[in-house]
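I opened my notebook and picked a few spots to look up. Here is what I wrote down as I went.

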Amino acid sequence: MFLLLNLAIGLTLFASGIVRGEEDAEPTGEDPLQDMQRKINDLWLNLLYPQFFNETDRTAYATCEVKPSPKLEADKPQVTGKVLFKQAYPDGKLEAVFYLDGFPPDSNLTGRAIHIHKLGDLSDGCDSTGGHYNPFNVDHPRHPGDFGNFFSKEGKIRKYRPNLLATMFGAYSILGRSVVIHEQEDDMGKGGNKASLENGNAGRRLACCVIGTCNKNLWEKKFPDRMERKKTRITKRAQNNRA
Ligand SMILES: [Cu+2]
Ligand SMILES: [Zn+2]
């Protein structure tokens, strides 16, 4: 234990630049305290998740491969697809893309709830993923993975959501937890009963998946945002002009 503590202090000092001497450290233009905090964060992240984020853009990427719950009756919607996550380290907000298929073509009248559930355990289909991920012990819909209601169009959901509360970093990381797609609408805590404040009375679990890290290219392939495409086009044009 003592050895570990020593190691941690040693690494922290090294990361903060105290040990290697400040005169040859490059000035970052940051507040020294902020700079030290950033380095300590980097260090812990690297200790906890080696090569967790993409080094070139310092952004973490994750995916969740959605499959229908194996316990689901054949007449229920068999939902498949992907939920992709992206977050710039260390202060970026989580962004997500929902790419889901298999809803009835005429089901766009009522929303369907999507949440992050506590466990990444699919041993009993989506029923073994536990309740909503609730690290701060608050009522629904204030859980970090309460994504609200989604409306399908022609059997599909294609949705981009920025500025999410959930995070991939630190003690409250969503990695290894699950995304669950429900049969019914989320009542957003307004149902007037106990379940409403726990899970929004969203009904059966149609489909689910476990969140795991992925490469940047998966996000780039699926991300529909026009700005991102425009950015790529501009970069490509600049590269072509240079060549
Ligand atoms: Cu749920
Ligand atoms: Zn919730």
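**Notes on a few loop residues**

I started with proline 141, which sits in the loop between β5 (123-126) and β6 (146-150). I keep in mind that this is a predicted model. The peptide bond running from histidine 140 into proline 141 is cis, and its omega is near 5°.

Next I looked up arginine 58. I found it in the loop that joins α2 (32-48) to β1 (59-68). Its phi is positive, about 45°, even though arginine 58 isn't a glycine. Buried or exposed, I wondered about arginine 58? It has 12 C-beta neighbours inside 10 Å, so it counts as exposed, since the cut-off for exposed is 12 or fewer.

Then came glutamate 154, in the loop between β6 and β7. Here, too, I noted a positive phi, about 50°, in a residue that is not a glycine. Glutamate 154 has 11 other C-beta atoms within 10 Å, so I put it down as exposed.

Last up was arginine 177, in the loop between β7 (156-164) and β8 (178-182). I counted 21 C-beta neighbours inside 10 Å for arginine 177, so this one goes down as buried; the buried cut-off is 20 or more.

Which residues does arginine 177 touch, if I skip its neighbours within four places in sequence? My list of contacts reads Ile116, His117, Lys118, Leu119, Gly120, Tyr133 and Ile211. I also checked arginine 177 against aspartate 121: they are 56 residues apart in sequence, and their C-alpha atoms are 8.0 Å apart in space.

Terms used
Residues are numbered from 1 along each chain as its sequence is written. Chains are lettered from A and ligands numbered from 1 in the order in which they are written. This is a predicted model: local features need pLDDT of at least 70, side-chain atom pairs count only at pLDDT 80 or more; totals for chains, interfaces and linings use all residues. Helices (H or I, at least four residues) and strands (E, at least two) are DSSP runs, numbered from the N terminus. Two residues are in contact if their C-beta atoms, placed from the backbone, lie within 7 Å.
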